[in-house]
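Look at the structure below with its open spaces in mind. Where are the pockets, and what lines them?

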Amino acid sequence: MTRVDLRTRSAPEAGAIGAGSASRRVREALTTPGVRCLLLVLDESSDGLDDDAVLAVADASVPVVAALLGTIDGHASALALAADLRVAAADATVRVEPLVGGTSVTLPGAVGEATARLLLLAPRAVTAIDARRMGLVHEVHERDRVPAAAATLAAAVADRAGRGAAVRRALSPEGAGARVARAVENEARLRGVVDLHPQD
């Protein structure tokens, strides 16, 4: 398992890839020889994230686990949704921004179309407990246990060489990266339309 700490207010832990832009760090981690699973750590200080970082995760050839600490929104929530599994702190909240980072595709895949419509048309912060109930996150733990719980999950995913990558391909035979890339392009076009018609 390879760990990428995307928090900007904390020093990366030993063994974590932590210098440079978020998309460069994610891509570097994904090309690390022998990587079987990628563990991302996100919190409210995770800035500098963009569509490129989201696309790198969506296009990963190995499974990705995201650890969510604190308030997760904007591209951080899009990046978490591009991951295969999400582990959240009990005090975390997730707010999915509409028309950002392919969420128009990844959110319905996680929570179903009806719930995705609600969260995208009337964006709101969702508590970790509610996020688990709706399928937005997979596990919820006390904040101090999240790093260990996420690492344990990532290690279990990485346990057998090739299995995680094969399951990822089986679940998305046309490639999640291509779907998310099309959504990112469409969302950018739609943001341009919205910007042309600002609210009064």
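The model is predicted, so local features need pLDDT of at least 70 and side-chain atom pairs count only at pLDDT 80 or more, while totals for chains, interfaces and linings use all residues. Residues are numbered from 1 along each chain as its sequence is written, and side-chain values use heavy atoms, with hydrogens and water left out.

The largest pocket has a volume of about 720 Å³. A pocket here is an open set of points on a 1 Å grid over the protein atoms alone, where a 1.4 Å probe fits, with protein on both sides within 12 Å along at least five of seven lines; lining residues have an atom within 4 Å of a point. Points are joined across faces, edges and corners, and the volume is the space filled by probe spheres set on them.

The lining of the largest pocket comprises 32 residues, and Asp84, Arg168, Leu171, Ser172 and Ala176 lie nearest its centre. Two or more lining residues come from each of α3 (74-82), β6 (85-89), α4 (103-111), α8 (163-171) and α9 (176-196). Of these, α8 gives the largest share, 7 residues. Helices (H or I, at least four residues) and strands (E, at least two) are DSSP runs, numbered from the N terminus.

The second largest pocket has a volume of about 210 Å³. Its lining includes Pro98, Leu99, Glu113, Arg117 and Asn186. At least two lining residues each come from α4, α5 (113-121) and α9, with the largest share, 5 residues, from α5.
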